[in-house]
Amino acid sequence: MSSPIDPPQERRFYGGVRRLLKRDAVLVRLETADGTVGFAPGGASSSAMREYFEGASHGGFVDLLESDVADAVAGADADDPTELATRIRDLGLPRLLESQAISAVDVAAHDAWGKAAGTPAYELLTGETADISTSLPLYASAGMYMEPEGYAEQAAAIRERGFGGYKYRPGLGPDEDRRTLRLLRKRVGDEMDLMVDAHTWWKIGECSYTFDEIVALLDDFGEHDPYWIEEPVEPGDHGAYTRLAERTDLPLAGGESEESSEGLIALVEDGRVDFLQGDVRHHEGFTGTMRAARHCAGRDVRFVPHNFGTNLGLVANAHLTAAAPETRLLEYPVFGDDVAGMYPFPLAEAILDTDLDLENGTLDVPEGPGLGVEVNLDVVEEYPEIEGPWTEFEYDEGVISDGE
Ligand SMILES: [Mg+2]
């Protein structure tokens, strides 16, 4: 499915322009032999960046799920995620695709399993007696390449809605990025958490920030007390996280771009992050992300799920957050064309028939069986797929990189 951004939006960043054309989403439906149906959000891209570089197509991902993956899991039990994952692994898919296919099946199977058993997904993950928190504080995720004043206005609007945290994506160049955080902190005061999501942008194209520039930038950021710095280096470069952690006191976050739950655990082991961001859509569903979350428990790393897509994905990640040890906080992308929204994405809400219990920046996890929500199947007709990439980048000509 595609949710058009009409008219398309243009966002200027340091060294180019990004065009936003649409948002895509995949809805996965899994039916068991007794007719129980489970749903899952599908992710054909682990981040906007990765989609851009690898050109992953949602249509291709859907074809794969409907053919090889469906054939592989047919006849297996929905309450046996390990067997489902093994069968998909036997297909020998490229790693990222494999993780995303396992994710889709794992989450849909938990939904079906929970519905058949009359048990919410978070209880399937932990058992009834475990320490479960179903009232989850959300931090708002918005802010993408705008004037520093625009970020400040947006953060204030989001604070008005009751959110305790605001995450934004800088990338205006080191000077304007400095001015942005300074303005933001001044505007929202000391109480609000401010998460800086560099989103690998500091390492893109001809205008990459050098390592020393990043260190200097974080040095100045320290004065304004950011909650974390997310993906400040190449996401796969665990050594760069370690080197940066040696040069800054600011907490670092990462993980969304990892290709598997093994990658998430490796980032904790060979890299240095204070916050690990797994996502049920990308890191082998509930099974893989719970593995990563359990790895963080008892270590000096907090697991805070990455979440960016429709409300079905939000609910799935909320079940994970409720169940995962030492985990409470969850990312909430704010869409819409008002000042608080990133850009319009009406499909994000339309995909559910269930109204979510979301107030003052807190989400109560649906307590019904499985994921506890009704999916609105009309969206399949209402949001037909639009071919092509969801976003495009155009770089300025003649820009000279500082190099490294
Ligand atoms: Mg991010």
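## The loop around Gly 341

Gly 341 is found in the loop that runs between strand S12 (330-333) and helix H13 (347-350), in a model that is predicted. Because Gly 341 has 16 C-beta neighbours inside 10 Å, it counts as partly exposed, given that a buried residue needs 20 or more such neighbours and an exposed one has 12 or fewer.

When residues up to four places away in sequence are not counted, Gly 341 touches Ala 142, Val 334, Phe 335 and Gly 336. Another relation across the chain concerns Arg 169, which stands 172 residues from Gly 341 along the chain, while the C-alpha atoms of Gly 341 and Arg 169 are separated by 13 Å.

## Overall architecture

The protein has 14 helices and 15 strands, and its C-alpha atoms, taken along the principal axes, fill a box of roughly 60 × 45 × 40 Å.

Of the 404 residues, 51% count as buried. Among contacts between residues at least 6 apart in sequence, 70% join residues that are at least 24 apart.

## Helix H2 against helix H3

Helix H2 (residues 58-73) and helix H3 (residues 81-89) have axes that come within 8 Å and cross at roughly 135°; the two helices are therefore oblique to each other, since an angle over 145 degrees would be needed for them to count as roughly antiparallel. The crossing in which H2 passes H3 is right-handed.

On the H2 side, the residues that meet H3 are Val 69, Ala 72 and Val 73, and their counterparts in H3 are Leu 84, Arg 87 and Ile 88. The residues of this contact of H2 with H3 divide into five nonpolar, no polar and one charged.

## Helix H2 against helix H4

H2 also packs with helix H4 (residues 95-117), at an angle of about 70° and with the axes 11 Å apart, so that H2 and H4 are roughly perpendicular to each other. This crossing of H2 and H4 is right-handed.

In this contact, Phe 61, Leu 64, Leu 65, Val 69 and Val 73 of H2 meet Leu 97, Gln 100, Ala 101, Ala 104 and Val 105 of H4. The residues of the contact of H2 with H4 divide into nine nonpolar, one polar and no charged.

How values were computed: Residues numbered from 1 in each chain as written. Predicted model: local features only at pLDDT ≥ 70, side-chain atom pairs only at ≥ 80, totals over all residues. Axes fitted to C-alpha atoms, helices over the stretch in contact; angles between N-to-C directions. Helix = DSSP H or I, 4+ residues; strand = E, 2+ residues; numbered from the N terminus. Parallel < 35°, antiparallel > 145°, perpendicular 65-115°, else oblique. Left-handed = near helix turned anticlockwise from the far one by under 90°. Contact = placed C-beta atoms within 7 Å. Nonpolar A, V, L, I, M, F, W, Y, C, P; charged D, E, K, R; others polar.
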